[in-house]
Amino acid sequence: MTVQPSVTAGPALNGRPGEPDPLLRIERLSIDLPGPGGPVRVVDDVSFTVAAGRTTGLIGESGSGKTMTATAIIGLLPAGAEVSGRMWWQGRDLVTMSGKERRLLRGHDIAMIFQDPQSALDPTQTIGRQVGEILRLDGMPARQVRRTVIDLLGRVGVPDPETRHAQYPHQYSGGLRQRAMVATALAGKPKIILADEPTTALDVTVQARILALLRRIREEEGTAMLLVSHDLRVMAHVADEVVVMYAGRLCEIGGGREVLDHPAHPYTRALVVSVPAVRSKTAIAEPLPGSPADPADRPDGCPFHPRCAKAQDRCRVEIPLMRPIAAGRQAACHYPEDL
Amino acid sequence: MSAPALIEARDLVVNFHSRWERRRGTKPNAVDGVSFSVHADETLAVVGESGSGKTTVARCVVGLQAAQSGTVLFDGAPVGRVARRAPATRRAIQMVFQDPTASLNPRMTVRSIIAETWRTHPSVAPTDRSWDDEIADLLADVGLDAGLAARRAPSLSGGQCQRVSIARALALQPRLLVCDEAVSALDVSVQSQILRLLVGLRAKRRLAILFITHDLGVVRQIADRVAVMRQGRLVETATADDLFDRPIDPYTRKLLDAALDLEGA
């Protein structure tokens, strides 16, 4: 691993004080993707942890690197991607692990739910066959697979699983398809589920039900979750801890409620005030100047400085590092909000 | 409101049935007896879940979709499909689509995308000044730099593309702007830019806006009146304040409760 001179070390992050070793510890993860003008650093020096049985939310807008981070954890990065840093999974480093070892983890210990259940499910196979795939691969006898699949579908709230497991994806509604995806993820008895925008494609009435399901699964099965989303309302609902990313770099880490109620980083703050409220009429938020930073053309210094009202000369040249700003809170900002 | 409506829909019915389905008559209509009106300088939001028929309604108004029955009246006169509309009517009703990158031709420059509208409708093409000056003004109206005129869509961000789509619509001096989920695909920080732009333009040009969306928070910010659709029918039409504070229909309440629940305490 070569450390670029512009990148300076961030402290290793240890969940909350007094916690046992976390399930997953991302340490200084960087990802380069091949681009037309040379490699593009889409994730830059990112560190965070996911504790067993807890939900960590990864917040960011398009181009923030949040989906790439999740994709790196499950090991499905596109060909040509260069990964550096460490991803400690229960004492083993996912970055240096062989392809075979990763395949054994994928679908078993580490499962993923994708944004669009429509395209994540195979239209030519029954739901039951897809939910039970990992069980069949593990050599479970067919009759037992069928029983387990029916039980799984029932647990995620698919009505009448006895008949519906034999149906095809087109016979399921959007919400039911996402439930089937959750069942597929649960089939391998995962320790962590990576959920990439699991409710974005769904109607608001269905969203609330899927989020309730994800919460219930965390409570009943003790599964940890890394929830990737741009939707702060979703985060406020389910995330114990949140990690905010901008242009491939970390902005802020802390408890979900604390960060969303009292953001320390100006970018988090801008995101929070941009969410239109339903409860009471709010004015349209003062828009951020400019456009989101392009990872291929990231500004010097703090990547957010061209859009930041508080930016000083220092922000234009010096990359802010993640540092503790309050109990359980860290931010990468030279001039964070007082908490 | 006593002034006559700019656009009015009366008893629109649309279905996509096959001949066999029509004969059996068991499949519901996509749009089933929908009536509403929008006045100048007013924003009507149409909300509903996927499959409720809100996009089909928008397409009927623009004339991209023929209705099986019912009429769309513009300035009091019935208008049909877009191909049968008088050029002046076609010009006066413009649409901004959901996916900003897919609604611009990737091979055309921003300048030619806007200039194309004037070649189609010479009546509103600038005559007393150069087209380039007018394009620069339009881009400034939507908050874009004049230098963007020489670029093509693939080199623009999503928010920039959406602003070009709005500039293209404005080039024809429309009186009604139909926005079908025009901000849904954008990041929240960009979304507020586009919303501010729409609200500012409505006041400046006395535009009527038909705003199709599923995002109730956005509706609360910009709509004067709201129409709620469910399974092809309008279940409730009310002013924005009434709808959010005193919803009448049980389905509207369910929709609001779900959104409030998501918003949390």
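Student: In which helix of chain A does P266(A) lie?

Tutor: P266(A) lies in helix α12 of chain A, residues 266-274. Helices are DSSP runs of H or I with at least four residues, strands are runs of E with at least two, and both are numbered from the N terminus. This is a predicted model, in which local features need pLDDT of at least 70 and side-chain atom pairs count only at pLDDT 80 or more, while totals for chains, interfaces and linings use all residues. Residues are numbered from 1 along each chain as its sequence is written, and chains are lettered from A, and ligands numbered from 1, in the order in which they are written.

Student: Is P266(A) buried or exposed?

Tutor: A residue is buried if 20 or more other C-beta atoms lie within 10 Å of its own, exposed if 12 or fewer, and partly exposed in between, with C-beta atoms placed from the backbone. P266(A) counts as buried because it has 25 C-beta neighbours inside 10 Å.

Student: Which residues is P266(A) in contact with, leaving aside its neighbours within four places in sequence?

Tutor: Two residues are in contact if their C-beta atoms, placed from the backbone, lie within 7 Å. On that basis P266(A) is in contact with F304(A), C308(A), A309(A), K310(A) and C333(A), its neighbours within four places in sequence being left aside. As for A187(A), 79 residues apart from P266(A) along the chain, the two C-alpha atoms are separated by 41 Å.

Student: What span should helix α6 of chain A have?

Tutor: The expected span of a helix is 1.5 Å times one less than its number of residues. Helix α6(A) has 14 residues, 142-155, so it should span 20 Å, and its end C-alpha atoms are 20 Å apart, which agrees. Its buried residues are V145(A), V149(A), I150(A), L152(A) and L153(A). Down the axis of α6(A), these fall within an arc of 160°, so they line one face of the helix; the arc is that of the directions from the helix axis to the C-beta atoms. On the other side, R143(A), Q144(A) and D151(A) are exposed.

Student: Which elements do the buried residues of α6(A) pack against?

Tutor: They pack against α4 (127-131), α5 (133-137), α7 (161-164) and α8 (174-187) of chain A. Just after α6(A), G157(A) takes a positive phi of about 90°.

Student: Which residue other than glycine has a positive phi near 50°?

Tutor: A247(A) has such a phi. A247(A) sits in the loop between β9 (241-246) and β10 (249-255) of chain A, and is buried, with 24 other C-beta atoms within 10 Å. Q90(A), not a glycine either, has a positive phi of about 50°. Q90(A) lies in the loop between β4 (82-89) and β5 (92-93) of chain A and is partly exposed, with 13 other C-beta atoms within 10 Å.

Student: In what order do the 8 strands of the open sheet in chain A stand?

Tutor: Two strands pair if DSSP finds at least two bridges between them. The order in chain A is β6-β7-β8-β3-β9-β10-β12-β11, with mixed pairing. β6 (110-113) and β11 (323-326) of chain A stand at the edges with a single partner strand each, so one side of each has no neighbour in the sheet. The twist averages 20° from one strand to the next. Axes are lines fitted to C-alpha atoms, for helices over the stretch in contact, and angles run from 0 to 180 degrees between N-to-C directions. Helix α8(A) packs on the sheet, touching β6 and β7 of chain A, and its direction makes about 175° with that of β6(A).

Student: How many bridges join β7 and β8 of chain A?

Tutor: 5 bridges join β7 (192-196) to β8 (224-229) of chain A, and the two run parallel. A195(A) stands opposite L227(A) in β8(A).

Student: How many residues of strand β8 of chain B are buried?

Tutor: 6 of the 6 residues of β8(B), 208-213, are buried, so the strand is largely enclosed by the rest of the structure. A208(B), L210(B) and I212(B) are buried on one side, and I209(B), F211(B) and T213(B) on the other. Strand β3 (43-47) of chain B pairs with β8(B) in the parallel sense over 5 bridges, and A45(B) has F211(B) as its bridge partner.

Student: How many residues of chain B are in contact with chain A?

Tutor: 30 residues of chain B are in contact with 27 residues of chain A. On the side of chain B that touches chain A, α10(B) gives the most, with 9 residues.
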